[in-house]
Amino acid sequence: MAQRDINDPRRHVQVLPERVGAVAGTEFPGHYPGEDHSWNLDKFKKNLITSVQRLTPSTIEFDLVGVDASIANALRRVLIAEVPTVAIEDVYVYNNTSIMQDEVLAHRIGLVPLKIDPRVVDWKPSTYSAPVDTDTYIFNLRVQCDRRPGVAAGETDPKKLYYDSNVYSGMLTWDASVGDQAARHRRDPPRPVMDDILLLKLRPGQVVDVQCYARKGVGADHAKFSPVATASYRLLPHITLRAPIPAEHQAKFQRCFPEGVIAIEPDAAGAPQAVVKNPRKDTVSREVLRHPEFQDLVQLSRIRDHFIYNVESVGQYPPEELVPEAIKILLAKITAVETGLEKLAESGAIPK
(Lines give C-alpha, C1' and ligand atoms only; values in the text may rest on other atoms or scores of the structure.)
Protein backbone atom coordinates (compact mmCIF):
# COMPACT_ATOMS: atom_id res chain seq x y z
CA MET A 1 0.00 0.00 0.00
CA ALA A 2 1.46 3.34 -1.07
CA GLN A 3 1.74 6.32 1.24
CA ARG A 4 -1.15 8.75 1.08
CA ASP A 5 -0.85 11.63 -1.36
CA ILE A 6 -0.14 14.98 0.26
CA ASN A 7 -2.48 16.58 -2.30
CA ASP A 8 -5.46 14.49 -1.15
CA PRO A 9 -8.05 17.16 -0.18
CA ARG A 10 -9.40 14.91 2.58
CA ARG A 11 -6.15 15.51 4.45
CA HIS A 12 -6.34 19.29 4.18
CA VAL A 13 -7.43 21.82 6.79
CA GLN A 14 -8.41 24.82 4.69
CA VAL A 15 -6.86 28.18 5.54
CA LEU A 16 -9.29 30.82 4.31
CA PRO A 17 -9.03 34.64 4.51
CA GLU A 18 -11.23 34.98 7.60
CA ARG A 19 -11.51 31.45 8.99
CA VAL A 20 -10.35 27.87 8.76
CA GLY A 21 -12.42 25.17 7.10
CA ALA A 22 -12.65 21.37 7.04
CA VAL A 23 -11.21 21.20 10.52
CA ALA A 24 -12.72 17.82 11.41
CA GLY A 25 -11.67 14.68 9.62
CA THR A 26 -14.29 12.82 7.58
CA GLU A 27 -12.71 9.42 7.14
CA PHE A 28 -14.73 7.39 9.59
CA PRO A 29 -17.10 4.42 9.02
CA GLY A 30 -20.31 5.26 7.19
CA HIS A 31 -19.35 8.72 5.96
CA TYR A 32 -18.37 7.78 2.42
CA PRO A 33 -20.72 5.17 0.84
CA GLY A 34 -18.90 2.11 -0.38
CA GLU A 35 -15.66 2.94 1.45
CA ASP A 36 -14.40 1.03 4.47
CA HIS A 37 -12.82 3.38 6.98
CA SER A 38 -12.89 1.08 9.99
CA TRP A 39 -9.61 1.10 11.90
CA ASN A 40 -7.09 -1.37 10.53
CA LEU A 41 -3.71 -2.07 12.11
CA ASP A 42 -1.96 -2.92 8.85
CA LYS A 43 -3.27 0.24 7.19
CA PHE A 44 -2.20 2.29 10.19
CA LYS A 45 1.33 0.86 10.03
CA LYS A 46 1.58 1.67 6.32
CA ASN A 47 0.57 5.28 6.83
CA LEU A 48 2.60 5.90 10.01
CA ILE A 49 5.80 7.88 9.43
CA THR A 50 8.27 9.28 11.95
CA SER A 51 11.22 11.33 10.78
CA VAL A 52 13.79 13.33 12.75
CA GLN A 53 14.45 16.62 10.95
CA ARG A 54 16.86 18.32 13.36
CA LEU A 55 18.72 17.24 16.47
CA THR A 56 20.91 19.38 18.74
CA PRO A 57 22.22 18.74 22.27
CA SER A 58 19.08 20.39 23.68
CA THR A 59 16.35 20.26 21.01
CA ILE A 60 14.75 17.87 18.57
CA GLU A 61 12.42 18.55 15.66
CA PHE A 62 10.64 15.56 14.21
CA ASP A 63 7.64 14.72 12.05
CA LEU A 64 4.83 12.40 13.11
CA VAL A 65 2.54 11.49 10.21
CA GLY A 66 -0.57 9.33 10.07
CA VAL A 67 -2.03 9.72 13.58
CA ASP A 68 -5.09 11.52 14.91
CA ALA A 69 -4.73 14.88 16.66
CA SER A 70 -5.82 13.26 19.94
CA ILE A 71 -2.77 10.97 19.87
CA ALA A 72 -0.43 13.79 18.89
CA ASN A 73 -1.74 15.98 21.70
CA ALA A 74 -1.57 13.14 24.23
CA LEU A 75 2.12 12.72 23.41
CA ARG A 76 2.71 16.46 23.87
CA ARG A 77 0.90 16.53 27.21
CA VAL A 78 2.79 13.52 28.54
CA LEU A 79 6.08 15.16 27.58
CA ILE A 80 5.16 18.24 29.58
CA ALA A 81 3.43 16.79 32.62
CA GLU A 82 4.13 13.08 33.12
CA VAL A 83 7.73 12.26 32.21
CA PRO A 84 9.43 12.27 35.65
CA THR A 85 12.53 14.20 36.69
CA VAL A 86 14.36 14.96 39.93
CA ALA A 87 14.04 18.44 41.46
CA ILE A 88 14.57 20.07 44.84
CA GLU A 89 11.43 19.70 46.94
CA ASP A 90 12.43 20.65 50.51
CA VAL A 91 14.73 23.51 51.47
CA TYR A 92 15.94 23.89 55.07
CA VAL A 93 17.15 27.42 55.73
CA TYR A 94 19.73 27.53 58.53
CA ASN A 95 20.84 31.10 57.89
CA ASN A 96 19.76 33.73 55.39
CA THR A 97 20.74 37.34 56.02
CA SER A 98 20.23 38.43 52.41
CA ILE A 99 17.38 40.73 51.41
CA MET A 100 15.57 37.82 49.74
CA GLN A 101 12.86 36.17 51.84
CA ASP A 102 13.36 32.51 52.76
CA GLU A 103 10.30 31.31 50.80
CA VAL A 104 11.32 33.22 47.66
CA LEU A 105 14.84 31.82 47.86
CA ALA A 106 13.47 28.29 48.36
CA HIS A 107 11.21 28.71 45.33
CA ARG A 108 14.08 29.90 43.12
CA ILE A 109 16.32 27.02 44.23
CA GLY A 110 13.54 24.52 43.54
CA LEU A 111 13.28 25.66 39.93
CA VAL A 112 16.95 24.86 39.20
CA PRO A 113 17.03 21.80 36.87
CA LEU A 114 19.24 18.99 38.17
CA LYS A 115 21.36 16.66 36.07
CA ILE A 116 20.17 13.41 37.65
CA ASP A 117 18.85 10.51 35.60
CA PRO A 118 15.38 9.91 37.09
CA ARG A 119 15.34 6.34 35.74
CA VAL A 120 17.81 5.30 38.47
CA VAL A 121 15.89 7.06 41.25
CA ASP A 122 13.07 5.44 43.22
CA TRP A 123 9.75 7.12 43.87
CA LYS A 124 9.31 8.33 47.41
CA PRO A 125 6.60 6.13 48.99
CA SER A 126 4.73 9.12 50.44
CA THR A 127 5.19 12.80 51.13
CA TYR A 128 5.98 12.20 54.78
CA SER A 129 8.10 9.06 54.49
CA ALA A 130 11.68 9.32 55.69
CA PRO A 131 14.22 10.07 52.94
CA VAL A 132 16.61 7.30 51.94
CA ASP A 133 19.57 7.27 49.60
CA THR A 134 17.61 5.62 46.76
CA ASP A 135 14.91 8.32 46.55
CA THR A 136 16.49 11.52 47.90
CA TYR A 137 19.54 13.60 47.01
CA ILE A 138 20.94 16.31 49.28
CA PHE A 139 22.49 19.55 48.06
CA ASN A 140 24.09 22.26 50.20
CA LEU A 141 24.39 25.96 49.48
CA ARG A 142 26.74 27.87 51.79
CA VAL A 143 27.93 31.26 50.59
CA GLN A 144 29.22 34.35 52.41
CA CYS A 145 29.98 37.69 50.77
CA ASP A 146 33.13 39.59 51.80
CA ARG A 147 35.03 42.66 50.60
CA ARG A 148 38.06 42.21 48.38
CA PRO A 149 41.20 43.84 49.80
CA GLY A 150 43.16 46.41 47.85
CA VAL A 151 40.36 47.53 45.51
CA ALA A 152 41.00 50.86 43.77
CA ALA A 153 39.15 53.86 45.14
CA GLY A 154 36.04 54.72 43.18
CA GLU A 155 35.51 51.16 41.88
CA THR A 156 31.79 50.39 41.49
CA ASP A 157 31.78 46.93 39.92
CA PRO A 158 30.45 44.46 42.57
CA LYS A 159 32.47 41.64 41.02
CA LYS A 160 35.67 43.61 41.70
CA LEU A 161 34.55 44.95 45.07
CA TYR A 162 33.31 41.73 46.70
CA TYR A 163 33.82 38.00 46.90
CA ASP A 164 30.70 35.94 46.04
CA SER A 165 28.38 38.90 45.55
CA ASN A 166 26.34 36.77 43.13
CA VAL A 167 25.08 33.34 44.16
CA TYR A 168 24.76 30.98 41.20
CA SER A 169 23.24 27.54 40.76
CA GLY A 170 26.74 26.11 40.28
CA MET A 171 27.40 26.79 43.98
CA LEU A 172 24.95 24.03 44.93
CA THR A 173 27.12 21.12 46.04
CA TRP A 174 25.93 17.54 46.15
CA ASP A 175 26.39 15.65 49.43
CA ALA A 176 28.03 12.43 48.22
CA SER A 177 28.18 10.90 51.69
CA VAL A 178 24.55 9.73 51.61
CA GLY A 179 24.36 5.93 51.35
CA ASP A 180 26.12 4.49 48.30
CA GLN A 181 25.21 7.38 45.99
CA ALA A 182 28.89 8.16 45.41
CA ALA A 183 29.45 4.69 43.96
CA ARG A 184 26.27 4.78 41.84
CA HIS A 185 27.11 8.18 40.36
CA ARG A 186 30.90 8.06 40.18
CA ARG A 187 30.87 8.66 36.41
CA ASP A 188 28.13 11.31 36.33
CA PRO A 189 27.74 13.06 39.70
CA PRO A 190 24.45 14.89 40.40
CA ARG A 191 24.70 18.60 39.72
CA PRO A 192 22.69 21.53 38.34
CA VAL A 193 22.16 21.35 34.58
CA MET A 194 23.50 24.91 34.25
CA ASP A 195 26.01 26.56 36.58
CA ASP A 196 25.21 30.18 35.77
CA ILE A 197 21.61 30.56 36.94
CA LEU A 198 21.55 33.59 39.25
CA LEU A 199 19.78 32.74 42.52
CA LEU A 200 20.34 35.91 44.55
CA LYS A 201 22.78 38.73 45.27
CA LEU A 202 24.72 39.32 48.47
CA ARG A 203 26.66 42.20 50.00
CA PRO A 204 29.48 42.11 52.59
CA GLY A 205 28.44 40.39 55.78
CA GLN A 206 25.43 38.61 54.27
CA VAL A 207 25.29 34.81 54.44
CA VAL A 208 23.18 32.07 52.91
CA ASP A 209 23.28 28.59 54.43
CA VAL A 210 20.63 26.13 53.22
CA GLN A 211 20.27 22.37 52.77
CA CYS A 212 18.12 21.06 49.92
CA TYR A 213 16.42 17.69 49.47
CA ALA A 214 15.68 16.60 45.89
CA ARG A 215 13.23 13.86 44.92
CA LYS A 216 11.49 12.42 41.89
CA GLY A 217 8.28 14.01 40.61
CA VAL A 218 6.23 14.93 37.53
CA GLY A 219 5.25 18.21 35.95
CA ALA A 220 1.59 17.61 36.75
CA ASP A 221 2.52 18.23 40.41
CA HIS A 222 4.80 21.23 39.80
CA ALA A 223 6.37 22.82 36.73
CA LYS A 224 9.86 22.37 38.21
CA PHE A 225 9.57 18.64 37.46
CA SER A 226 8.77 19.17 33.76
CA PRO A 227 11.63 17.83 31.59
CA VAL A 228 10.90 20.18 28.69
CA ALA A 229 11.19 23.92 28.29
CA THR A 230 8.87 23.73 25.28
CA ALA A 231 6.98 20.86 23.66
CA SER A 232 4.76 21.94 20.80
CA TYR A 233 3.56 20.83 17.42
CA ARG A 234 2.08 22.41 14.32
CA LEU A 235 0.48 21.04 11.18
CA LEU A 236 2.55 20.93 8.00
CA PRO A 237 1.68 23.92 5.77
CA HIS A 238 0.57 23.09 2.22
CA ILE A 239 0.61 25.67 -0.57
CA THR A 240 -1.14 24.92 -3.85
CA LEU A 241 -0.53 27.11 -6.90
CA ARG A 242 -3.69 26.92 -8.99
CA ALA A 243 -2.12 28.76 -11.93
CA PRO A 244 1.24 30.32 -12.82
CA ILE A 245 2.00 33.62 -11.11
CA PRO A 246 2.38 36.45 -13.67
CA ALA A 247 5.98 37.57 -14.05
CA GLU A 248 5.22 41.13 -12.92
CA HIS A 249 3.78 39.84 -9.60
CA GLN A 250 6.30 37.08 -8.80
CA ALA A 251 8.57 39.17 -6.58
CA LYS A 252 5.58 40.49 -4.63
CA PHE A 253 4.19 36.97 -4.31
CA GLN A 254 7.53 35.75 -2.94
CA ARG A 255 7.56 38.53 -0.33
CA CYS A 256 4.16 37.43 0.98
CA PHE A 257 5.81 34.37 2.53
CA PRO A 258 8.75 33.90 4.91
CA GLU A 259 12.14 33.63 3.30
CA GLY A 260 12.78 30.26 1.65
CA VAL A 261 9.14 29.25 1.15
CA ILE A 262 8.76 30.52 -2.43
CA ALA A 263 11.52 30.50 -5.05
CA ILE A 264 11.61 31.98 -8.54
CA GLU A 265 13.15 29.48 -10.93
CA PRO A 266 13.27 29.12 -14.71
CA ASP A 267 10.85 26.62 -16.25
CA ALA A 268 11.62 24.29 -19.19
CA ALA A 269 11.36 27.21 -21.61
CA GLY A 270 13.61 29.42 -19.49
CA ALA A 271 10.85 31.72 -18.28
CA PRO A 272 10.84 32.58 -14.56
CA GLN A 273 8.18 30.86 -12.49
CA ALA A 274 7.23 31.08 -8.82
CA VAL A 275 7.45 27.62 -7.21
CA VAL A 276 6.87 26.30 -3.70
CA LYS A 277 10.35 25.53 -2.40
CA ASN A 278 9.96 24.68 1.30
CA PRO A 279 6.44 24.88 2.78
CA ARG A 280 7.77 23.84 6.24
CA LYS A 281 9.10 27.37 6.71
CA ASP A 282 5.70 28.96 6.14
CA THR A 283 3.90 30.45 9.13
CA VAL A 284 0.54 30.52 7.26
CA SER A 285 0.16 34.22 7.95
CA ARG A 286 -2.38 34.53 5.08
CA GLU A 287 -0.64 37.69 3.91
CA VAL A 288 -0.94 36.46 0.32
CA LEU A 289 -4.73 36.33 0.62
CA ARG A 290 -4.88 40.07 1.34
CA HIS A 291 -3.92 40.85 -2.25
CA PRO A 292 -6.72 40.45 -4.82
CA GLU A 293 -4.31 39.58 -7.63
CA PHE A 294 -3.38 36.34 -5.81
CA GLN A 295 -6.71 35.18 -4.39
CA ASP A 296 -7.56 32.91 -7.33
CA LEU A 297 -3.99 31.76 -7.90
CA VAL A 298 -3.07 30.20 -4.54
CA GLN A 299 -4.74 27.97 -1.96
CA LEU A 300 -3.42 27.66 1.60
CA SER A 301 -4.02 24.65 3.80
CA ARG A 302 -2.44 22.42 6.40
CA ILE A 303 -2.05 18.64 6.38
CA ARG A 304 -4.39 17.33 9.07
CA ASP A 305 -2.35 14.27 10.08
CA HIS A 306 1.20 15.62 9.58
CA PHE A 307 2.52 16.99 12.87
CA ILE A 308 5.81 18.88 13.18
CA TYR A 309 7.05 18.62 16.77
CA ASN A 310 9.55 20.91 18.44
CA VAL A 311 10.81 19.67 21.80
CA GLU A 312 13.42 21.44 23.93
CA SER A 313 14.89 19.49 26.81
CA VAL A 314 15.63 21.25 30.09
CA GLY A 315 18.67 19.00 30.46
CA GLN A 316 17.73 15.97 32.56
CA TYR A 317 17.24 13.86 29.42
CA PRO A 318 18.95 14.05 26.03
CA PRO A 319 16.25 15.30 23.63
CA GLU A 320 16.26 12.08 21.60
CA GLU A 321 15.29 10.09 24.72
CA LEU A 322 12.33 12.24 25.74
CA VAL A 323 9.84 10.96 23.16
CA PRO A 324 10.53 7.25 23.83
CA GLU A 325 10.03 7.90 27.55
CA ALA A 326 6.71 9.60 26.82
CA ILE A 327 5.61 6.70 24.61
CA LYS A 328 6.42 4.23 27.41
CA ILE A 329 4.11 6.18 29.73
CA LEU A 330 1.36 6.24 27.11
CA LEU A 331 1.66 2.48 26.67
CA ALA A 332 1.49 1.97 30.43
CA LYS A 333 -1.74 3.99 30.51
CA ILE A 334 -3.22 1.89 27.72
CA THR A 335 -2.24 -1.30 29.56
CA ALA A 336 -3.92 0.00 32.74
CA VAL A 337 -7.14 0.69 30.82
CA GLU A 338 -7.07 -2.77 29.22
CA THR A 339 -6.55 -4.40 32.61
CA GLY A 340 -9.43 -2.41 34.09
CA LEU A 341 -11.75 -3.38 31.25
CA GLU A 342 -10.84 -7.04 31.62
CA LYS A 343 -11.65 -6.93 35.33
CA LEU A 344 -14.99 -5.24 34.64
CA ALA A 345 -15.82 -7.88 32.05
CA GLU A 346 -14.89 -10.70 34.42
CA SER A 347 -17.14 -9.22 37.10
CA GLY A 348 -20.04 -8.96 34.71
CA ALA A 349 -20.27 -5.17 34.93
CA ILE A 350 -19.79 -4.87 31.17
CA PRO A 351 -20.34 -7.44 28.40
CA LYS A 352 -17.32 -9.43 27.27
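I started with Glu 325, which has its place in helix H7. The model is a predicted one, and I kept that in mind for each entry below.

**Entry 1. Glu 325.** Is Glu 325 buried or exposed? I looked up its relative accessible area and found 11%. Buried means under 20%, so Glu 325 counts as buried. I then listed its contacts, leaving aside neighbours within four places in sequence, and got Val 83, Arg 119 and Tyr 317. I also checked Val 78, which is 247 residues from Glu 325 along the chain; their C-alpha atoms are separated by 9.2 Å.

**Entry 2. Helix H7.** I moved on to the helix that holds Glu 325. H7 covers residues 319-347. H7 has 29 residues, and I read a reach of 44 Å from its first C-alpha to its last. That is close to the 42 Å expected at 1.5 Å a residue. Which residues of H7 are buried? I noted Pro 319, Leu 322, Val 323, Glu 325, Ala 326, Ile 329 and Ala 345. What covers them includes S3, S4, H2, S13 and S16. After H7 comes Gly 348, with a positive phi near 85 degrees.

**Entry 3. Helix H2.** H2 is among the elements that cover the buried residues of H7, and I looked at H2 next. It spans 69-81. H2 has 13 residues and reaches 18 Å between its first and last C-alpha, close to the 18 Å expected at 1.5 Å a residue. I found Ala 72, Leu 75, Val 78 and Leu 79 buried in H2. Why do they sit on the same side of H2? They cover an arc of only 130 degrees around the axis, which puts them there. The general rule is that an α-helix has 3.6 residues a turn, so residues three or four places apart point the same way. The cover over the buried residues of H2 includes S4, S13, S16 and H7.

**Entry 4. Helix H3.** I made the check on helix H3, residues 102-110, as well. Leu 105, Ile 109 and Gly 110 are its buried residues. Down the axis of H3 they fall within an arc of 135 degrees, so they line one face of the helix. I noted that their cover includes strand S5 (85-96), strand S6 (137-144), strand S11 (198-201) and strand S12 (207-217).

**Entry 5. The largest pocket.** I looked for empty space next. Rolling a probe the size of a water molecule over the atoms shows where such space is left. The largest pocket has a volume of about 1,400 Å³. I found 46 residues lining it, with Phe 44, Gly 66, Val 67, Asp 68 and Ile 71 nearest its centre. The elements that give two or more residues to this lining are helix H1 (41-47), strand S3 (49-55), strand S4 (59-65), helix H2 (69-81), strand S13 (228-241), strand S16 (298-313) and helix H7 (319-347). Which of them gives the most? H7 does, with 8 residues. Sorted by class, the lining has 26 nonpolar, 10 polar and 10 charged residues.

**Entry 6. The second largest pocket.** I read about 210 Å³ of space in the second largest pocket. How many residues line it? I noted 14, of which Ile 116, Asp 117, Val 120, His 185 and Asp 188 lie nearest the centre. By class, this lining has 5 nonpolar, 2 polar and 7 charged residues.

**Entry 7. The loop between S15 and S16.** I looked up backbone angles here. Val 284 lies in this loop, between strand S15 (272-276) and S16. Its phi is near 55 degrees, a positive value in a residue other than glycine. Val 284 is buried, at 13% relative accessible area. Arg 286 is found in the loop between S15 and S16 too. Arg 286 has a positive phi of about 70 degrees, although it is not a glycine.

**Entry 8. Ala 24.** Last, I looked up Ala 24, in the loop between strand S2 (20-21) and H1. Is Ala 24 buried or exposed? Its relative accessible area is 57%. From Ala 24 to Thr 85 I counted 61 residues in sequence and 36 Å in space, C-alpha to C-alpha.

Conventions
Residues numbered from 1 in each chain as written. Predicted model: local features only at pLDDT ≥ 70, side-chain atom pairs only at ≥ 80, totals over all residues. Heavy atoms only, no water. 1 Å grid on protein atoms, 1.4 Å probe; cavity = no way out; pocket = protein on both sides within 12 Å on 5 of 7 lines; lining within 4 Å. Points joined across faces, edges and corners; volume = space filled by probe spheres on them. Helix = DSSP H or I, 4+ residues; strand = E, 2+ residues; numbered from the N terminus. Nonpolar A, V, L, I, M, F, W, Y, C, P; charged D, E, K, R; others polar. Expected span 1.5 Å × (residues − 1). Buried < 20%, exposed > 50% of the residue type's maximum accessible area, 1.4 Å probe, protein only. Arc of directions from axis to C-beta. Contact = heavy atoms within 4.5 Å.
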